[in-house]
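Let's take a walk through this structure together, one piece at a time. Keep the 3D view open and follow along as we go.

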Amino acid sequence: MGLTEQQIERYSRHIILEQIGGTGQEKLLSSKVLIVGAGGLGAPAALYLAAAGVGAIGIVDADKVDLTNLQRQVIHHTKDIGTDKVASAADKIKAINPDVEVKTYKCWAKADNILEIIRGYDFVIDGTDNFPAKFLVNDACYFEKVPFSHAGILKFDGQLMTVLPGGTTCYRCIFNSPPPAGAVPSCSQAGVLGVLAGVIGSLQATEAIKYLLGIENLLTDTLLTYNALKMEFRKVPLSRNPDCPLCGNTPTILELKDEQQQVCNLRNCKC
Amino acid sequence: MKIFVNGKETDLNNSLTVIELLVEQKVKMPEMVSVELNGQVLRRSDFEKNVLKDGDKVEFLYFMGGGNGIN
């Protein structure tokens, strides 16, 4: 597959990079990335992957755009309120870059559909906002052997880790299972700095692009933590956990299942 | 004795177990934290057993959800 003249111009700032070049750009154009969750993390990831010319982007989300999303979910605009997030995201991706083929999945990722969705993608971005979904993405990527980027954000803190399933530390190596319901902060207590989602989601896109190009070191066996107030990044070295219920020496999770959804105790809360 | 908590040098007057350190460091929700001691993630059941030694490196790894900020 050769690049058209227009593509050579569009991607010229990539192509002049020694680590990318025309070959690397062609690789990106023939790559497929799945983004689970078109929210705070998924939004910047989708925008940058689209701009970078990742050939196929899949987006999973059952939600509709809400006014409270717009403080951080920069792929959705005011006019999109009330529309499906996947449709809103697909519109922006196409507007940025018609080279990209977008596939939308208007559903929540669950144990009974996620394997089928993930299959065929080269890399997955976990942009989900709840623990059962994070464990599900981790487990599904393990069973399908698809590398993924985990990320989480809360208040002014963010974290990030890239997982090559079966090869590097997975989410369950660190966090065995979801926290008990009572430990989860309620909707009114928590909050998140909008731009934090942009920082961390963009780092996820960076890891996806590096993986697709096969360049440099990935953020594996390492949890990157970020505190926006102190403007502090830390890399915490990790190693695979022999007790991991998924990828340890004596795994107890042998097939995909949904973890219990934590229940928010506030009425009318947009969980 | 000195230990390192999330990379920060910390002085301890007494020997503490991991669970005592969580209290001492005012971790509000220990259920939301995984603890790594010298590069190995500890079993939750070992929080009460592991007594910290001089020079130990402890990392509190927090559960972090997503942008909705609910969990």
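**A helix and its neighbours**

Helix α9(A) is followed by Gly214(A), a residue with a positive phi, near 70°. Keep in mind as you look around that this is a predicted model.

α9(A) covers residues 194–213 of chain A. Its 20 residues reach 29 Å from the first C-alpha to the last, close to the 28 Å expected at 1.5 Å a residue. Is this helix enclosed or open to the outside? A residue is buried here if 20 or more other C-beta atoms lie within 10 Å of its own. By that criterion 14 of the 20 residues of α9(A) are buried, so the helix is largely enclosed by the rest of the structure.

Start with α4(A), residues 42–52, whose axis comes within 7 Å of that of α9(A) and crosses it at roughly 40°. That angle makes α4(A) oblique to α9(A). The crossing is right-handed. On the α4(A) side, the contact is made by Gly42(A), Ala43(A), Pro44(A), Ala45(A), Tyr48(A), Leu49(A) and Ala52(A). On the α9(A) side, the residues they meet include Gly198(A), Gly201(A), Ala205(A) and Ile209(A). By class, the contact of α4(A) with α9(A) divides into ten nonpolar and five polar residues, with no charged ones.

Now turn to α3(A), residues 21–29, which packs against α9(A) at an angle of about 110°, with the two axes 9 Å apart. That makes α3(A) roughly perpendicular to α9(A). Here too the crossing is right-handed. Gly24(A), Lys27(A) and Leu28(A) come from α3(A), and they meet Ile209(A), Leu212(A) and Leu213(A) of α9(A). This contact has four nonpolar residues, one polar and one charged.

Asp221(A) sits in the loop between α9 and β7 of chain A. Its phi is near 50°, a positive value in a residue other than glycine. With 18 other C-beta atoms within 10 Å, Asp221(A) is partly exposed. Met231(A), in the loop between β7 and β8 of chain A, also has a positive phi, near 50°.

Chain B has one helix and five strands, arranged along the sequence as β-β-α-β-β-β. Its C-alpha trace spans about 40 × 25 × 20 Å along the principal axes. Of its 71 residues, 28% count as buried. Among contacts in chain B between residues at least 6 apart in sequence, 58% join residues at least 24 apart.

Finally, look at where the chains touch. Chain A gives 39 residues to the contact and chain B gives 21. On the side of chain A, the elements that give two or more residues are β5 (148–154), β6 (157–163), α8 (171–174) and β8 (232–237). The residues of that side divide into 21 nonpolar, 13 polar and five charged.

Note on methods:
Residues numbered from 1 in each chain as written. Chains lettered and ligands numbered in written order. Predicted model: local features only at pLDDT ≥ 70, side-chain atom pairs only at ≥ 80, totals over all residues. Axes fitted to C-alpha atoms, helices over the stretch in contact; angles between N-to-C directions. Helix = DSSP H or I, 4+ residues; strand = E, 2+ residues; numbered from the N terminus. Parallel < 35°, antiparallel > 145°, perpendicular 65-115°, else oblique. Left-handed = near helix turned anticlockwise from the far one by under 90°. Contact = placed C-beta atoms within 7 Å. Nonpolar A, V, L, I, M, F, W, Y, C, P; charged D, E, K, R; others polar. Expected span 1.5 Å × (residues − 1). Buried ≥ 20, exposed ≤ 12 C-beta atoms within 10 Å, placed from the backbone.
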